Structures are given as C-alpha cells and as structure tokens.
Amino acid sequence: MYYPKPPFKGENTMFKKIVSIFIAIITFFVSLFGGGSGSGSGKPGKINAYKNLSYGSSKNQTLDLYVPKKASGKYGLILNLHGGEWTNGDKSEFSEDTLKKMCSDYGCAAATMNYRFVSKTVDALDIINDIESALKKIREKGAESDIVFDRVMLNGVSAGGHLALLYACSKGVSAPMKIVAVTVKSAPTDLSDSRFYSTASSLGSKGDICDLMSKVCGKTFNEKTFSRAVPKLKTVSPITYVTKSCPPVLIAHGKLNSVVPYSNALMFSAAVSGVGVRSELISYTNSDHDLSKDADCEKKFGELFASYAKTYLK
C-alpha cells in the first residue's frame, strides 16, 4: 500500500490526514467496484495492461492504461488523477483491480497518471499540460490497435480533482478527446478564497499554506502580500474558467473540511449550474477532508459516479 510523504517536516498531523484520505479512497473504490476484478456478472473480459507509459521527459510523466481486448473503433476512457497537495502522491492510488473493474463495469478503458509536482519552476498551469500530454499519449497508444479514444471522464481526488477541473474548464474545448464529465472529491476550486488562509490547518501554519499556494500559482506571497497574489491565484482556480462549455460535474465535499473550505464546493457548483451545465454536489455533513463520516453520502456518490460513467461514456 502506498503512503505519500508529508509535505512539511515534522507535520505528523498532515501525514495522518493523507493516510486517512488514502484509506478512504481505497474503501470507496472497493465498495464501488467490488473486491475482485471482473464485470458485474463476475466474469471479467480480458484486459490489456500498459504500465508506466512515458508521456514526457520527467520521471513523473508516466501513466498506466488498461484497455479491454475487445475494444475497437471509437472508445471511451476514465482518466484518474491522484491527490497529494500537488507535492506528492502516486498513480498507484488507483489500484490495478479498480481500473480493471472500471473497464469491465462501464465498457471503457481506464488510466491513472503521475504528473509533475509544483516547485519553483512548475506550477498548476504546467501540470494541466501534463494531462493534455497524457491524453495524447493514450490516443497514440490506442491507434496502434485501431482504437480511437474520442471521449474521457476525468476523475480526481483533492489536488487531483483541482487539476481535473482546471484542465476541463480552461482547456477542455481543445482537448485531444472530448471531456464528457468530471467527478471529484474534496477538490479545491478557488485558491483565491481567503478562507484557505484565515487559519492554520492540517496543511500547516498560515505561512506554510501561503508557501504551498505560491508554488501552485507561480507567484511568491505571504500573509501580508496575499492580496497582491489574488489575480495570479485566480489563474489557477477552476471557478475562473466556468462557462457553458464546461462538462457536467459531480462533486463530493465535507462540510467540516479543514483543508479545502466548503465554500469552494458551494461556489463552484453554483457557478456551473448558473451557466446551464449539470452540477451535482453531495455535501457530507459530518466529514472532514477524508469524507469518512457519512456512509449514506458515500453510497450516493458511488451510485452517481456509476450513472455518470454509464451515461457519458456511451
């Protein structure tokens, strides 16, 4: 089992938070797709696995792709993006069994990708270019078997959800394949929201949060200079790019989320609905960032996730 490293030295609470999030994710997908690898009938079709495909020069620019052997012609895809505060995490957050189940249950291909982490030279806008490059690589791989990947549903957790929404809303119209839907859990949508910075959280002190978001947006700022960074923070906020061209979105968010303000989910869902695009927000009343305290909401999210996949990947 994979455990990401904490982003800040000595931040044991952050390590525990990431571990709990990871366990919650695994539990969710096990409940959604079952414990084994097979279709709903229990008899899985044969699936080709292409692991560690490189889509760029960085060691982090790799992906795993699973494609049913019976696939041909135009075909759909679910692309999964892991979480980890834009600074850590791994594509193995979505297990081989989970990806094979996505293939079997929804009649599509499934992939999970690594991406570059934020640094002094890489920000969120650079990372969403990784998503585009990964999609191009998947199209190229499909073409080798006369498969045309023409539609994709993006699925992301936490930072991965932010990246999925940012890419879909800002560059989705020109993507290598049509983005038909986005599903996210605990995703940041407005990094200029002052509530991110109003108090210390499991991300660290207010100074730590400013340091992290400085890397995400590509502009250094601190508590005193936050207002000057707002325009730059907006450029890496999915809510900035909401238009009627955005795909349908499914959002899961905890009302007690101490990492990503609940206001982020409310405002983004309202913005998407406001332009006439389908947006469904499942609010986990008792849950923090890991969404572990509301079993009924988790069940509903699983049902809607399946509905989105079956509806939009037809």
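**Questions on a predicted model**

Student: What average pLDDT does the protein chain have, and where does pLDDT stay under 50?
Tutor: This is a predicted model, and 86% of its residues score at least 70. Among the stretches where pLDDT stays under 50 are residues 1–16, with 29 contacts beyond four places in sequence, and residues 34–44, with 20 such contacts. For the protein chain, the average pLDDT is 89.

Student: How many helices and strands are there in the protein chain, and what percentage of its residues count as buried?
Tutor: The protein chain holds eight helices and eight strands. Among its contacts between residues at least 6 apart in sequence, 73% join residues at least 24 apart. The chain exposes about 13,000 Å², of which carbon and sulfur atoms supply 51%. Of its 314 residues, the share that counts as buried is 57%.

Student: Which residues make the contact of helix 3 with helix 4, and how do they divide into nonpolar, polar and charged?
Tutor: Helix 3 contributes Ala-124, Leu-125, Ile-127, Ile-128, Asn-129, Ile-131, Glu-132 and Leu-135. From helix 4 come His-162, Leu-163, Ala-164, Leu-166, Tyr-167, Ser-170 and Lys-171. Together, the residues of this contact divide into ten nonpolar, three polar and two charged.

Student: Is Glu-85 buried or exposed?
Tutor: Glu-85 is found in the loop between strand 3 (73–81) and helix 2. Its phi is near 60 degrees, a positive value in a residue other than glycine. Buried means under 20% relative accessible area. Because the relative accessibility of Glu-85 is 7%, this residue counts as buried.

Student: Is Asp-146 buried or exposed?
Tutor: Asp-146 lies in the loop between helix 3 and strand 5 (147–157). Although Asp-146 is not a glycine, its phi is positive, about 60 degrees. A residue is exposed when its relative accessible area is over 50%. The relative accessible area of Asp-146 is 63%, so this residue is exposed.

Terms used
Residues numbered from 1 in each chain as written. Predicted model: local features only at pLDDT ≥ 70, side-chain atom pairs only at ≥ 80, totals over all residues. Heavy atoms only, no water. pLDDT = per-residue confidence, 0-100. Contact = heavy atoms within 4.5 Å. Helix = DSSP H or I, 4+ residues; strand = E, 2+ residues; numbered from the N terminus. Nonpolar A, V, L, I, M, F, W, Y, C, P; charged D, E, K, R; others polar. Buried < 20%, exposed > 50% of the residue type's maximum accessible area, 1.4 Å probe, protein only. Areas by Shrake-Rupley, 256 points an atom, 1.4 Å probe, with all protein chains shown as cover.
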